[in-house]
Amino acid sequence: MNSIEKLTRIFSEFPGIGPRQARRFVYFLLTRQNGALEDLSKNILDLKKQVAVCDDCMRFYEKKHDKSKLCSICSDHTRDQNILMIVQRDVDLTSVEKNGNFNGIYFVLGGSVPILEKEPEKKIRLSEFKNFILKKNNEGLKEVILGMNWNPEGENTAQFIENFLNKTLEKEVTSNKVKISHLGKGLSMGTELEYIDPDTLRNALRNRN
Ligand SMILES: [Zn+2]
């Protein structure tokens, strides 16, 4: 395989990118000058060096100098550390952070559970989630908000997580010590957290149930 084909194959693995677009990226790169490709390669390599996964919420964050393993949200005690929103991906978290006026914390599942999936634990970070939720429960967790996309796969994921929480925190949920709420009830089908407009998002948060 030559280098054009190799790179085309790599780009076509990106989300939403087909082989034709991938090839256009490669030809675009070939026209770049003045060290642009060196710059690009360096930026890509720096990603791994400068970005880490938070030990608690599993989001990607820019490493700090203090060797802390927690991101700026999980280590911020002006935020309500007992209100937890579960989202599918980092882009969803970014969208809520930017527009939601949300002052709690998050957990990033890293994916979703397809309908009829036989091995959901391979699609999302289930064991990390379990550890996190048990730890948070010991620290006084009050509410878990299911912040999934409003499409069939998102709803299936929310249902799966709700069942999992009912099982894992059975006593706390039945006694209402930990409340489970849905962000998306009442919103129109097909709405995705990544693209939701700020007003709709803030309304959804205010009216969650
Ligand atoms: Zn974090």
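Predicted model: local features only at pLDDT ≥ 70, side-chain atom pairs only at ≥ 80, totals over all residues.
Local features need pLDDT of at least 70 and side-chain atom pairs count only at pLDDT 80 or more, while totals for chains, interfaces and linings use all residues. Residues are numbered from 1 along each chain as its sequence is written, and side-chain values use heavy atoms, without hydrogens and water.

**View A. Packing of helix α4 on helix α8.** Helix α4 (residues 90-99) packs against helix α8 (residues 198-206) at about 90°, and their axes lie 10 Å apart. That makes α4 roughly perpendicular to α8 (65 to 115 degrees). Axes are lines fitted to C-alpha atoms over the stretch in contact, with angles from 0 to 180 degrees between N-to-C directions. Helices are DSSP runs (H or I, at least four residues) numbered from the N terminus. S95, V96 and N99 of α4 meet P198, L201 and R202 of α8 (contact: heavy atoms within 4.5 Å).

**View B. The largest pocket.** This pocket holds about 280 Å³ of space, a volume being the space filled by probe spheres set on the grid points. A pocket is an open set of points on a 1 Å grid where a 1.4 Å probe fits, with protein on both sides within 12 Å along at least five of seven lines; lining residues have an atom within 4 Å of a point. Of the 13 lining residues, L7, F11, L29, L40 and I44 are closest to the centre. Helix α1 gives the most to the lining, with five residues.

**View C. The second largest pocket.** Its volume is about 210 Å³. The lining includes W150, E155, H182 and K185. Helix α6 (residues 152-168) gives the most, with four residues.

Technical notes:
Helix = DSSP H or I, 4+ residues; strand = E, 2+ residues; numbered from the N terminus. Parallel < 35°, antiparallel > 145°, perpendicular 65-115°, else oblique.
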